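I opened my notebook to look through this structure piece by piece. Come along and check each entry against the picture.

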Amino acid sequence: MKLDARLKAVAKFVAQIRGEASTWTHIDIGTDHGHLLKVLFEQSTITKALAVEKNEFPLQRTQKALRAFDAQCYLGDGFAPLEPNAGDSASICGLGASTILQIVQAYPDRLPKRLIFQANKHSEKLRQWGYEQGYHLIDECMVDGFWNYAILLFEQKQGHDPAYASDSFSLKTQFKYGPYLLNRRDALLLQTIESELEHFRGMKAGNMAIVKQISELEQLLNKF
Ligand SMILES: C[S@@+](CC[C@H](N)C(=O)[O-])C[C@H]1O[C@@H](n2cnc3c(N)ncnc32)[C@H](O)[C@@H]1O
């Protein structure tokens, strides 16, 4: 089974946080085809999986994909079918940032300590949620696909999140583009910012909000 670059990056983050633990249970919400969990089993990254799907047909596909493994598949909405402490980590991928937020806000006491999110857009909402809810951003990466996707790895920890310590970028900019991606001057992030700038430059001249956006993006690009 081969994963696209997006889910490959998610699988890598699960392996990174599992480390040397002897067993590992991973939850995948909105699992659809079950490919991520199947590869995590094949790579021996996980020993048990919990898959949740809101729709019947994808749930059946997941059950079929995972029948050879120690996996429980649930029909349901987000964490609703799961108990607290059901897993060591969870992923929610391929959904809008607002939907991911609704899912995590519905059952905050059922979230595992480690979370991996991949939203199609507006990852700033997820970084801000983590910052406010005690989920530190441990790492992030960007991969290309239909869009350039940001994949975020969080871990529940005490205290202030040290990921946002940069003096070079405002907190708002770090939420929007990602503190690790900015500090690394990530090549795909650079491409994303350049396309945003092109987009605004192509819009009607004279609108002050657009002029401001263009100026902010130009200032940001000067730091790359
Ligand atoms: C676009 S697919 C993404 C599949 C896979 N996670 C990936 O990244 O390739 C989104 C899947 O999430 C499911 N889904 C959407 N909202 C959900 C929710 N609240 N709870 C569980 N599943 C959900 C949909 O039925 C669909 O199968």
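Before anything else, a term I need: helices and strands here are DSSP runs, numbered from the N terminus, where a helix has at least four residues and a strand at least two. With that in hand, I found Ser-44 in the loop between helix 2 and strand 2. I also noted that this is a predicted model.

I checked the backbone angle phi. Most residues other than glycine have a negative phi. Ser-44 has a positive one of about 60°, although it is not a glycine. I then asked myself: is Ser-44 buried or exposed? It is exposed, because a residue counts as exposed with 12 or fewer other C-beta atoms within 10 Å, and Ser-44 has 10.

I located Asn-85 in the loop between strand 3 and strand 4. With 12 other C-beta atoms within 10 Å, Asn-85 is exposed.

I traced an open sheet of seven strands in the order 3-2-1-4-5-7-6, and its pairing is mixed. Which strands stand at the edges? They are strand 3 (71-75) and strand 6 (135-144); each has a single partner strand, so one side of each has no neighbour in the sheet. From one strand to the next, the twist averages 15°.

Next I looked at two pairs. Strand 5 (residues 114-119) and strand 7 (residues 148-156) are antiparallel, over five bridges. There I saw Leu-115 opposite Phe-154 of strand 7.

Strand 2 is largely enclosed by the rest of the structure, because five of its six residues are buried. I also saw helix 2 (residues 35-42) lying across strand 1 (25-29), strand 2, strand 3 and strand 4, at about 165° to strand 1.

**Entry: around the ligand**

How many residues surround the ligand? I noted 17, and the closest are Gly-30, Asp-32, Lys-54, Cys-93 and Gly-94. Strand 2 (48-53), strand 4 (89-95) and helix 4 (97-106) each give two or more residues to this shell. Strand 4 gives the most, with three. By type, the shell holds seven nonpolar, six polar and four charged residues.

**Entry: domains**

Last, I looked up the domain assignment, which gives domain 1 (5-161) and domain 2 (188-222). Their centres, taken over C-alpha atoms, are 32 Å apart.

Note on methods: Residues are numbered from 1 along each chain as its sequence is written. This is a predicted model: local features need pLDDT of at least 70, side-chain atom pairs count only at pLDDT 80 or more; totals for chains, interfaces and linings use all residues. A residue is near a molecule or strand if its C-beta atom, placed from the backbone, lies within 6 Å of it. Ala, Val, Leu, Ile, Met, Phe, Trp, Tyr, Cys and Pro count as nonpolar, Asp, Glu, Lys and Arg as charged, and the others, Gly among them, as polar. Two strands pair if DSSP finds at least two bridges between them. Axes are lines fitted to C-alpha atoms, for helices over the stretch in contact, and angles run from 0 to 180 degrees between N-to-C directions. Two residues are in contact if their C-beta atoms, placed from the backbone, lie within 7 Å. Domain bounds come from an automatic or database domain assignment. A residue is buried if 20 or more other C-beta atoms lie within 10 Å of its own, exposed if 12 or fewer, and partly exposed in between; C-beta atoms are placed from the backbone.
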